[in-house]
Amino acid sequence: MSPMNTTDKASTAPSSPRVAVVTGASSGIGAATTHRLVKEGYRVHAVARREDRLASLAAATGCDTHVLDVTDSDALMALASTVGPIDLLVNNAGLGRMDAPLAEGTLDDITRTIDTNVTALIVATMAFLPPMIERRSGHVVNIGSMAGHYPLSSATYGASKAAVHRFCTNIRLELCGTGVRVTEICPGRVATEFYDVAVTDPTQREGIKNSGVEEITAAELADTIYYAVSVPAHVNINRIELQPTEQTYGGMSFVAKGPEEDDIA
Ligand SMILES: NC(=O)c1ccc[n+]([C@@H]2O[C@H](COP(=O)([O-])OP(=O)(O)OC[C@H]3O[C@@H](n4cnc5c(N)ncnc54)[C@H](OP(=O)(O)O)[C@@H]3O)[C@@H](O)[C@H]2O)c1
């Protein structure tokens with residue numbers, strides 16, 4: 001995907017080089033986004049818990065690394081003070097826990113999902129916003145999911161990503177007139193380590209991963225994020241949904257469970 005060939009907001013931003021923070025940068029979409037942004041001239045601060053992965057990323061890209069857990073709000077606030085003003089925040093750290101339906105799940109699955117996907121994303125945005133508003137320049141990219149918009153079989157994960165969607169719409173409204181942009185990226189299946197974390201049973205995991213669908217690559221997702229970032233300053237890409245061509249949502253059917261658990265279509 002080629003960025004629009006017009007004035008690039010980020011390139012005219014006050015800092016030189018442009019500075020980005022990418023959370024969840026130790027694998028998948030975050031690592032690919034770090035590679036892409038460094039290639040585009042950004043100084044990237046890559047954030048995650050796995051120190052060894054961040055060290056490899058730094059060796060490959062020259063990014064700065066910060067080993068921290070995004071659910072530690074104090075650590076996020078301290079990071080914003082250490083890093084200082086930035087041009088771009090990519091709130092990407094996230095996970096789903098999909099081992100079992102809610103009624104058979106654990107409290108830990110719920111708190112980890114909400115704390116990581118929702119609370120940390122809001123806290124990080126709060127932490128990095130004030131200098132963006134002051135400079136009247138900045139961009140927050142939040143990684144949501146198709147699961148935040150369509151029914152999929154993970155109630156808690158879907159609820160967390162629906163919260164990301166509403167946060168994006170409402171913070172965009174709060175920020176209107178400040179020059180700060182907000183974009184929500186909603187992927188379908190992307191080939192990352194996501195399902196290694198989501199599903200602990202190896203057989204179930206392999207079944208999900210080997211769906212036969214050609215998945216989006218993390219690099220393609222990073223291209224999409226960069227597209228949203230690189231359009232002119234007066235253009236806000238509100239939301240992008242992308243999915244594998246051979247995967248889609250919808251085709252409405254009614255599911256009803258009778259006394260004998262028969263499906264009635
Ligand atoms: N893959 C998909 O099909 C798909 C579809 C829709 C949306 N998404 C979303 O895309 C985002 C990135 O996921 P991915 O697919 O790239 O999966 P991934 O390869 O598992 O990457 C997840 C990243 O989040 C980081 N992370 C998780 N918990 C963290 C915490 N408490 N503190 C700091 N970092 C944390 C992980 O790093 P550490 O473990 O090193 O901390 C890792 O770098 C997530 O928000 C996910 O919900 C993925």
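**Entry 1: a pair of strands**

I started with β1 and β4, which run parallel and are joined by 3 bridges. I take strands as DSSP runs of E of at least two residues and helices as runs of H or I of at least four, both numbered from the N terminus. Two strands pair if DSSP finds at least two bridges between them. The bridge partner of valine 22 in β4 is valine 90.

**Entry 2: what I am looking at**

I note that this is a predicted model, in which local features need pLDDT of at least 70 and side-chain atom pairs count only at pLDDT 80 or more, while totals for chains, interfaces and linings use all residues. Residues are numbered from 1 along each chain as its sequence is written. I looked up pLDDT, the predictor's confidence in each residue, from 0 to 100. The protein averages 91, and 91% of the residues score at least 70. Over residues 1-15 pLDDT stays under 50. For that stretch the model has 28 contacts beyond four places in sequence; a contact means that two C-beta atoms, placed from the backbone, lie within 7 Å.

**Entry 3: the sheet**

In what order do the strands of the open sheet stand? I read 7 strands in the order β3-β2-β1-β4-β5-β6-β9, with parallel pairing. β3 (64-67) and β9 (239-242) are the edge strands, each pairing on one side only. Neighbouring strands are turned by 15° against each other on average, direction ignored. Axes here are lines fitted to C-alpha atoms, for helices over the stretch in contact, and angles run from 0 to 180 degrees between N-to-C directions.

I then listed pairings. β1 (residues 19-23) and β2 (residues 43-48) pair in the parallel sense over 5 bridges. In β2, valine 47 stands opposite threonine 23, and alanine 46 stands opposite valine 22. β4 and β5 also pair in the parallel sense, over 4 bridges; there leucine 89 stands opposite valine 140 of β5.

**Entry 4: helices on the sheet**

Helix α1 (residues 28-39) lies across β1, β2, β4 (88-91) and β5 (138-143), and runs at about 170° to β1. Helix α8 (residues 218-230) packs on the sheet and touches β4, β5, β6 (180-187) and β9. The direction of α8 makes about 155° with that of β6.

**Entry 5: buried or exposed**

I call a residue buried if 20 or more other C-beta atoms lie within 10 Å of its own, exposed if 12 or fewer, and partly exposed in between. β1 is largely enclosed by the rest of the structure, because 5 of its 5 residues are buried. Val19, Val21 and Thr23 lie on one side of β1, with Ala20 and Val22 on the other. In β4 both faces are covered too: Leu88 and Val90 on one side and Leu89 and Asn91 on the other are all buried.

Why does alanine 46 count as buried? Alanine 46 has 28 C-beta neighbours inside 10 Å. This residue lies in strand β2, and its contacts beyond four places in sequence include Val22, Thr34, Leu57 and Asp64.

**Entry 6: around the ligand**

How many residues surround the ligand? I find 29, the closest being Gly24, Gly28, Arg49, Arg50 and Gly94. A residue is near if its C-beta atom, placed from the backbone, lies within 6 Å. α1 and α6 (194-198) are the elements that give two or more residues to the shell, and α1 gives the most, with 3 residues. By class the shell has 11 nonpolar, 12 polar and 6 charged residues. Ala, Val, Leu, Ile, Met, Phe, Trp, Tyr, Cys and Pro count as nonpolar, Asp, Glu, Lys and Arg as charged, and the others, Gly among them, as polar.
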